[in-house]
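Here's a quick tour for anyone meeting this structure for the first time. Take a look at it, then read on.

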Amino acid sequence: MILTNATIAILTDDASFGLIADGTIAIEGDRIVWVGASKDLPTQYQSDAAQDVEQRLVTPALIDCHSHVVFGGNRAAEFEQRLNGVSYEEVAKAGGGIVSTVTATRMATEDDLLKDALTRVDAMIAEGVTLLEVKSGYGLDRDTELKMLRVARAIAACRPIRVHTSFLGAHAVPPEYTGRPDAYIDEVCIPTLQAAHAEGLVDAVDGFCEGIAFDAAQIARVFDAARALGLPVKLHAEQLSNIGGAQLAARYGALSADHLEYANDADAAALAQAGTVAVILPGAFYTLRETQAPPIAAFRKHRVPMALATDCNPGSSPLASLLLTMNMGCTLFRMTPLEALLGVTRHAAQALGQADRGTIRPGAFADLCIWDAAHPAELSYRIGFNPLHSRIFQGAQ
């Protein structure tokens, strides 16, 4: 496949879009083999039939590196409660929040979970997503956690999208273990992780380090189990308070630390030293009507890579649009359009340990988006508008 007469944003560094006007991309199989100005196209490709993209913008395909798209039920009633002044923590302590979704997810069949998840995934694909991270964490028992991970794997069999699974058994304390979080970690979470890994269902291990979930010492035990299995880790950290999650993520060399509204300068320095990506989740900030913004300036200062993701989930971020997420990152947190696009391509790939995705360069996977746009800033600028012309996934349209 040869794409020609394109405006190409290669995104191979963090300083610029790397725009190539009147550019061409050569693809063989599922990989990019050449990119550059059309006038410089090597002779070996000049006789191939080319697809004229008519000066449209071509970028790496989008990557959603933090989602919970597999779940049962919805939490519209809690949305109404929060609008009436009830806080997220109060909802959770009253038996709502994550635990209410756990109940619905435990009751749902694999077929039901897959059918519902695909409606959300289809919306993501329609906006140019080709790589999606999917977490468990709404089962909190062995059978349901494994069920969720099997459904996540099934998504990729049903749709042209790559799925990266994260085991999130340490998401909340289930009702049957109320007041006994350590027992839950030892008796359910870690054994279920081991069982999921044995089935080949886990690409990474996540946790929720927060006052309403698990403390740093409890998450460290889960991370030790992940390390013993050779699995990378990532962490929900500093979303509602600062209890040491970011520092824990840095100590374990986590792929990413996510949310981070209450992170500080020292946390940013630690993440930078560890090479950990800061995943910014404006959908949750918006939905929960938070006022504490993540320390974007500190991340810039310490050169922490910043990714953006939907955090698509039924409670705190019922958001399935990565394009809207980009706009939110710019509008709510003053991220630049370049930071936003890097956040859903190059840095999102880094947050999933996928070095061969997220840029347009020889050797990278041919996952591309062709947009009805002239400049990359348009992708963050518009609200509720999808300019996708076509999507290429692993070399196929």
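Strand 8, helix 7 (residues 181-198) and strand 9 form a right-handed β-α-β unit; right-handed says that, with the strands pointing away from the viewer, the path from the first strand over the helix to the second runs clockwise. Helices (H or I, at least four residues) and strands (E, at least two) are DSSP runs, numbered from the N terminus. This is a predicted model, where local features need pLDDT of at least 70, side-chain atom pairs count only at pLDDT 80 or more, and totals for chains, interfaces and linings use all residues. Residues are numbered from 1 along each chain as its sequence is written, and side-chain values use heavy atoms, with hydrogens and water left out.

- On one pairing (at least two DSSP bridges between two strands), strand 7 (residues 129-135) runs parallel to strand 8 over five bridges.
- Leu 132 has Val 163 in strand 8 as its bridge partner.
- Strand 8 also pairs with strand 9 (residues 204-209), again in the parallel sense, over three bridges.
- For Phe 167, the bridge partner in strand 9 is Val 205.

**Thr 24**
- Thr 24 sits in strand 2 (residues 19-28), and counts as buried because its relative accessibility is 1%.
- Setting aside neighbours within four places in sequence, Thr 24 is in contact (heavy atoms within 4.5 Å) with residues including Ile 2, Trp 34 and Leu 41.

Conventions: Buried means under 20% relative accessible area, exposed over 50%, partly exposed in between (1.4 Å probe, protein chains only).
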